[in-house]
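The entries cover pockets, a cavity, salt bridges and a surface patch.

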Amino acid sequence: MIKTILHDFSIEKIAYSGQCFRCNELEKNKYSLIAFGKYLEIEQHGENVTFYCEEQDYQQIWYPYFDLGTDYKKWTNTIPDTDSYLTKAAEFGNGIRILRQDCWEMIISFLISQQNNIKRIKKIIELLCQTYGEKRNDNGMVYYTFPSIEALSQATEEELKNCNLGYRGKYIIQTTKDLFQTQKIEKIKQMCYNEAKKELLTLYGVGEKVADCICLFGLHHLEAFPIDTHIKKILEKQYKNGFPFSTYKSYQGVIQQYLFYYDLFCGEKNV
């Protein structure tokens with residue numbers, strides 16, 4: 001068990017920020033998370049955070065996963081007072097961090113996310129993990145790892161229909177086979193943002209938004225700025241003369257998360 005004090009960190013906001021789909025509320029102030037084949041429970045009261053894990057896992061997995069070595073205040077401090085909407089969004093979303101997640105998991109997760117809502121995405125991913133992942137036991141807690149490329153490459157489109165994937169099943173079948181045969185993921189991990197996005201767009205079913213989500217949440221390219229229906233609405237209503245991307249050069253993705261989270265939970269009443 002690791003007890004620490006963290007500034008600008010909220011496991012609740014991270015869990016509902018739309019970037020990870022295997023983080024769930026267990027009870028008030030306590031959440032579970034499955035990533036990189038590991039199960040973790042986190043409890044938070046204000047800035048006091050408890051990670052129920054060994055020191056080695058905290059240092060090697062969870063500290064980098066939650067991007068705890070980065071000062072997010074240095075970015076929110078660059079938001080001008082004249083931008084009242086973004087100022088409110090950043091304050092509302094304070095505590096969100098851009099997670100350093102597994103690229104393969106993000107490719108499949110955001111293929112599933114198309115024309116979908118967060119609640120349903122989480123259910124589909126959990127069913128996929130139970131069907132093709134590895135069953136593990138952590139001190140009596142049974143959980144399933146995210147399916148490996150090898151395991152998912154054996155799936156058929158008919159089998160994936162049983163995981164409620166619908167038309168997205170064909171995307172996963174073809175993309176998985178492509179990645180399995182070419183080992184393209186390892187090459188993508190070494191690329192800069194523009195190169196990685198270009199390569200991701202060659203995968204079956206991956207469009208602009210999905211590619212940017214993978215770049216941001218699976219490759220930690222903070223330049224990526226995914227534009228979904230929430231962000232599109234914000235840009236049209238709040239930034240009719242254009243969003244000042246140059247002001248937030250190299251960390252637009254952080255700003256995007258504040259905007260997305262604010263609109264997701266506040267919507268029209270704050271427009």
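Entry 1, largest pocket. I looked up the largest pocket and found about 510 Å³ of space in it. The model is a predicted one, and I keep that in mind for every value below. I counted 25 residues in the lining of the largest pocket, and Ser113, Asn116, Lys209, Asp228 and Phe260 are the ones nearest its centre. Helix H6 (118-132), helix H12 (208-218), helix H13 (229-238) and helix H14 (252-266) are the elements that give two or more residues to this lining. H12 gives the most, with 5 residues. Sorting the lining of the largest pocket by class, I get 11 nonpolar, 11 polar and 3 charged residues.

I noted a volume of about 420 Å³ for the second largest pocket. Its lining has 27 residues, and Asp102, Trp104, Pro147, Ser148 and Ile149 lie nearest the centre. Two or more residues of this lining come from each of E3, H5, helix H7 (149-152), helix H9 (168-182) and helix H10 (184-189). H10 has the largest share, 4 residues. By class I wrote down 13 nonpolar, 5 polar and 9 charged residues for the lining of the second largest pocket.

The volume of the largest cavity is about 70 Å³. Its lining includes Cys20, Phe21, Arg22, Tyr65 and Met106. Strand E3 (30-35) and helix H5 (103-112) each supply at least two residues of that lining, and E3 has the largest share with 3 residues. The lining of the cavity splits into 8 nonpolar, 1 polar and 3 charged residues.

Side chains of opposite charge can pair when their charged atoms come close. I searched the whole structure and got 13 salt bridges.

I took Arg22 and Glu126 to begin with; their closest N and O atoms are 3.1 Å apart. Is Arg22 buried or exposed? Arg22 counts as buried because its relative accessibility is 3%, and buried means under 20%. Glu126 has 23% relative accessibility, so Glu126 counts as partly exposed.

Then I looked at Asp212 and Lys197, a salt bridge with the closest N and O atoms 3.1 Å apart. Asp212 is in helix H12 and Lys197 in helix H11 (residues 193-200), 15 residues apart, and the pair links distant parts of the chain. Both Asp212 and Lys197 are buried. I also noted that Asp178, Lys184 and Glu199 are joined into one network by salt bridges that share partners.

My last pair was Lys161 and Glu158, with closest N and O atoms 4.0 Å apart. Both lie in helix H8 (residues 157-161), 3 residues apart, which is about one turn of the helix. Lys161 is partly exposed at 45% relative accessible area, while Glu158 counts as exposed at 53%.

I found a nonpolar patch on the surface formed by Tyr16, Phe92 and Phe265, with about 260 Å² of accessible area together. Tyr16 sits in the loop between helix H1 (11-15) and strand E2 (23-27).

How values were computed: Residues numbered from 1 in each chain as written. Predicted model: local features only at pLDDT ≥ 70, side-chain atom pairs only at ≥ 80, totals over all residues. Heavy atoms only, no water. Patch = residues over 30% accessible without salt bridge, like charges linked within 9 Å, V, L, I, M, F, W, Y side chains within 5 Å. Areas by Shrake-Rupley, 256 points an atom, 1.4 Å probe, with all protein chains shown as cover. Salt bridge = Lys/Arg side-chain N within 4 Å of Asp/Glu carboxyl O. 1 Å grid on protein atoms, 1.4 Å probe; cavity = no way out; pocket = protein on both sides within 12 Å on 5 of 7 lines; lining within 4 Å. Points joined across faces, edges and corners; volume = space filled by probe spheres on them. Nonpolar A, V, L, I, M, F, W, Y, C, P; charged D, E, K, R; others polar. Buried < 20%, exposed > 50% of the residue type's maximum accessible area, 1.4 Å probe, protein only.
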